[in-house]
Amino acid sequence: MASLRTEHGRTGPNGGTDGEDRVFRARTVRTDGAGRPGGPGRTAVDGADAAFARPRPRPLRGVAAAVGLVLVAMALNALVTNNAFRWDVVAKYFTAKTVLAGLVTTLWLTAVAFTGGFVLGTALAVMRLSRNPVLVTLSFGYTWLFRSVPMLVQLLFWYNISLLYPKLSLGIPFGPAFTEFSTERMISSLTAAVIGLVLHEAGQLAEIVRAGILSVGRDQTEAAEALGLGGWRIFRRIVLPQAMPAILPPAGSQIISLLKGTSIVSVIAVQDLLYATQLIYNRNYLVIPLLLVATLWYLLLTTLLSVVQHFVERHYATGDRE
């Protein structure tokens, strides 16, 4: 019966076979039942060479795993035995009306900010890749500005925009104004949060979308142009679907970061999930249990988003696997 034979060559640092740092090279050849070359079959390894083929034991891996298990056990024991966590209080307020209202606000802010940021970021990415130097400069300047300024500073700026512009007007540029609006009344804390989050996310997502578009070969666009397709149709039907597998992984990570980042709007008194728990523990002084309520909700939401991201990525990657 035919078989495969693996031949090992052993060389030491000085060309010999001795030494602890031998380099082994394996060559698989087809052999028959008698060990002669030729024919399909299984791999045959000589007894002397089989010892060298075994992986080297790595005791440090076992030590690291044991240390990791001990640390996990210690953490779980602390969570269960430390009465300061007050798990009964956590269970009581986990579905409290105020907490659920803050949760809805957090989800709404995440959806609005990501949708608006993705649309604006896509427009900025297309501008950056255009042949018009003005559009390229505007797109670059926008992404540079909003990626450089921290989110907290942007939110505080928009929240206090009435100090800079007490009134906004609509009319002819550099000409007469038709109507005026009071920014103090028009831009509330929630409006400032939406504006700040959308503009910040647009700067982040613009680079993600641009990288995805650049991953599509130029020959795809040239072939579509040869068929007489318009620019918008080429982008919508050809470029963007092929760019999605490259866009989705970082975009999914970005939406998870955005969900957690919405907690920063609590500094401008937007009643999101974190602010709702703060309102409660400012009354009953149970700080740790209420922070655990917010933590568990964030863990649950980010886990769900990660699962959704996994299935969406697998959907768009189906064509690549086939």
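About 530 Å³ of space lies in the largest pocket of this predicted model. The lining of the largest pocket is made up of 15 residues. Those nearest the pocket's centre are L129, I213, R218, T221 and V239. By residue class, the lining of the largest pocket holds eight nonpolar residues, four polar ones and three charged ones.

Three helices each give at least two residues to the lining of the largest pocket: α9 (189–214), α10 (218–226) and α11 (231–261). The largest share of that lining comes from α11, which supplies four residues.

These helices belong to a protein with 14 helices and five strands. The protein has 322 residues, and buried residues make up 30% of them. Among contacts between residues at least 6 apart in sequence, 68% join residues at least 24 apart.

Helix α9 also takes part in a set of charged contacts. A search of the whole structure finds four salt bridges. In one of them, the side chains of E207 and R128 meet with N and O 3.3 Å apart. This pair links distant parts of the chain, with E207 in helix α9 and R128 in helix α4 (residues 97–128), 79 residues apart. R128 counts as partly exposed because its relative accessibility is 21%, and the limit for buried is under 20%.

E207 has a salt bridge with R147 as well, at 4.0 Å from N to O. Here too the pair links distant parts of the chain: R147 lies in helix α5 and E207 in helix α9, 60 residues apart. R147 has a relative accessible area of 46%, so R147 is partly exposed.

A further partner of E207 is R210, and the closest N and O atoms of this salt bridge are 2.9 Å apart. Both residues lie in helix α9, three residues apart, which is about one turn of the helix. E207 and R210 are both buried. Taken together, R128, R147, E207 and R210 are linked in a network of salt bridges.

Which residues is T143 in contact with, leaving aside its neighbours within four places in sequence? They are R128, G203, A206 and E207. T143 itself lies in helix α5, which covers residues 133–148. The relative accessibility of T143 is 4%, so this residue counts as buried. The C-alpha atom of T143 is separated by 9.5 Å from that of L199, although the two residues are 56 residues apart along the chain.

Aromatic rings supply another kind of pairing. Five aromatic pairs are found in a search of the whole structure. In the pair formed by F157 and W158, the ring centres are 5.6 Å apart and the planes stand at 85°, so the pair is edge-to-face. The cut-off behind that label is an angle over 60 degrees between the planes. F157 counts as partly exposed because its relative accessibility is 41%.

Technical notes. Residues are numbered from 1 along each chain as its sequence is written. This is a predicted model: local features need pLDDT of at least 70, side-chain atom pairs count only at pLDDT 80 or more; totals for chains, interfaces and linings use all residues. Side-chain values use heavy atoms; hydrogens and water are left out. Buried means under 20% relative accessible area, exposed over 50%, partly exposed in between (1.4 Å probe, protein chains only). Contact means heavy atoms within 4.5 Å. Rings of Phe, Tyr and Trp (its six-membered ring) pair if their centres lie within 6.5 Å; planes under 30 degrees apart count as stacked, over 60 as edge-to-face and the rest as tilted. On a 1 Å grid over the protein atoms alone, a cavity is a set of points where a 1.4 Å probe fits but cannot get out, and a pocket is an open set with protein on both sides within 12 Å along at least five of seven lines; lining residues have an atom within 4 Å of a point. Grid points are joined across faces, edges and corners, and a volume is the space filled by probe spheres set on the points. Ala, Val, Leu, Ile, Met, Phe, Trp, Tyr, Cys and Pro count as nonpolar, Asp, Glu, Lys and Arg as charged, and the others, Gly among them, as polar.
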